[in-house]
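Let's go through a few local features of this one, question by question. Have a look at the model first.

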Amino acid sequence: MINEQIRDKEVRVIGEEGEQLGVMSPKDAMKLAKEANVDLIKIAPSAKPPVCKLMDYGKFKYEQVRREKEAKKKQKTVEVKEVRLSPNIDVNDLNTKSNAARKFLEKGNKVKVSLRFRGREMAHVDSSKHILHEFAEKLSDIAVVDKAPKMEGRSMTMFLTEKR
């Protein structure tokens with residue numbers, strides 16, 4: 001809220017330099033703002049009494065947008081990459097898949113390793129769990145198991161994240 005939009009009985013006013021000007025009516029605070037040729041901006045509406053500050057509204061909005069952009073720059077998005085395996089995978093194929101997963105992990109992504117079962121393979125779910133453990137063992141130098149292997153429908157999944 002800004003200037004005439006402030007309808008509280010009394011507000012705590014802070015000056016342009018951050019000094020406390022005390023608790024007063026919004027009309028008196030508006031007079032102070034007009035004398036200083038700035039705006040009266042409510043910065044803490046939930047406080048008792050609400051806190052208002054004397055400042056240039058345009059400059060305030062600009063600073064706020066700049067701070068939000070700066071915070072966005074520092075954010076890092078983590079993608080989840082998937083590596084699909086089958087129960088009858090060969091050793092060389094497993095090495096190839098683990099190298100692909102290694103590249104994903106080095107880039108800072110999480111890796112979802114899924115072991116897909118089709119048809120009669122569903123009868124041998126227990127004997128195929130070692131494949132996921134072996135996969136995790138190959139990447140144990142740079143990765144840690146985030147979520148242990150778990151059956152979800154026709155596939156067994158496990159999540160790996162980079163060691164810190």
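Q: Which helix is serine 128 found in?
A: This is a predicted model, where local features need pLDDT of at least 70, side-chain atom pairs count only at pLDDT 80 or more, and totals for chains, interfaces and linings use all residues. Residues are numbered from 1 along each chain as its sequence is written, and side-chain values use heavy atoms, with hydrogens and water left out. Helices here are DSSP runs of H or I with at least four residues, strands are runs of E with at least two, and numbering goes from the N terminus. Residues 125-138 form the helix that holds serine 128, namely α4.

Q: Is serine 128 buried or exposed?
A: Buried means under 20% relative accessible area, exposed over 50%, and partly exposed in between (1.4 Å probe, protein chains only). Serine 128 comes in at 5%, so it counts as buried.

Q: Which residues is serine 128 in contact with, leaving aside neighbours within four places in sequence?
A: Contact means heavy atoms within 4.5 Å. With those neighbours set aside, the partners of serine 128 are Pro87, Leu115 and Phe117.

Q: What is the bridge partner of lysine 42 in β4?
A: Strands pair if DSSP finds at least two bridges between them. Across in β4, lysine 42 is partnered by cysteine 52.

Q: What is omega for the cis peptide bond between lysine 48 and proline 49?
A: Proline 49 sits in the loop between β3 (39-44) and β4 (51-55). The cis bond joining lysine 48 to proline 49 has an omega of about -15°.
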